[in-house]
Amino acid sequence: MHDLTGFQRDILYVIADFEEPHGLALKDELEVYYEQEINHGRLYPNLDDLVDKGLVDKGLVEKGELDERTNSYTLTQRGHREITARRDWEQQYVDLSE
């Protein structure tokens, strides 16, 4: 995860918390955290980068009458391993038990 931006790492953590979230759900959750609007031009290229790096799978799900399909995102096994490794690395520097 050393080659990811902080925003990309945050996307991974948000995806890990949802079951097959779609882009707008991710956008909404990130906007709560960042306390500002996250535009599509920032979110989707970063999601595509995460897919290209093999950390996230992108699939299609049925949505509704107006929008027949939308993308869903899930962590790959590698994505899960990277989050676990990152948390282990952070843990050695931050002791939250104090």
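Predicted model: local features only at pLDDT ≥ 70, side-chain atom pairs only at ≥ 80, totals over all residues.
1. Before you start: residues are numbered from 1 along each chain as its sequence is written, and side-chain values use heavy atoms, leaving out hydrogens and water. Local features need pLDDT of at least 70 and side-chain atom pairs count only at pLDDT 80 or more, while totals for chains, interfaces and linings use all residues.

2. The overall fold. You will find four helices and two strands, in the order α-α-α-β-β-α along the sequence. Helices (H or I, at least four residues) and strands (E, at least two) are DSSP runs, numbered from the N terminus.

3. The core. Of the 98 residues, 32% count as buried, meaning under 20% relative accessible area with a 1.4 Å probe, protein chains only. The largest nonpolar core has 18 residues, and Ile11, Leu12, Ile15 and Val56 touch the most other members. Such a core is a set of buried Ala, Val, Leu, Ile, Met, Phe, Trp, Tyr and Cys residues joined through side-chain atoms within 4.5 Å. Helix 1 gives the most to this core, with five residues.

4. A look at Ile15. Leaving aside residues up to four places away in sequence, Ile15 touches Pro21, Leu26, Leu47, Val56, Tyr73, Thr74 and Leu75; contact means heavy atoms within 4.5 Å.

5. Helices 2 and 3. Helix 2 (residues 23–34) packs against helix 3 (residues 40–52) at an angle of about 115°, with their axes 11 Å apart. Axes are lines fitted to C-alpha atoms over the stretch in contact, and angles run from 0 to 180 degrees between N-to-C directions. Gly23, Leu24, Leu26, Lys27 and Leu30 in helix 2 meet His40, Leu43, Tyr44 and Leu47 in helix 3.

Conventions: Buried < 20%, exposed > 50% of the residue type's maximum accessible area, 1.4 Å probe, protein only.
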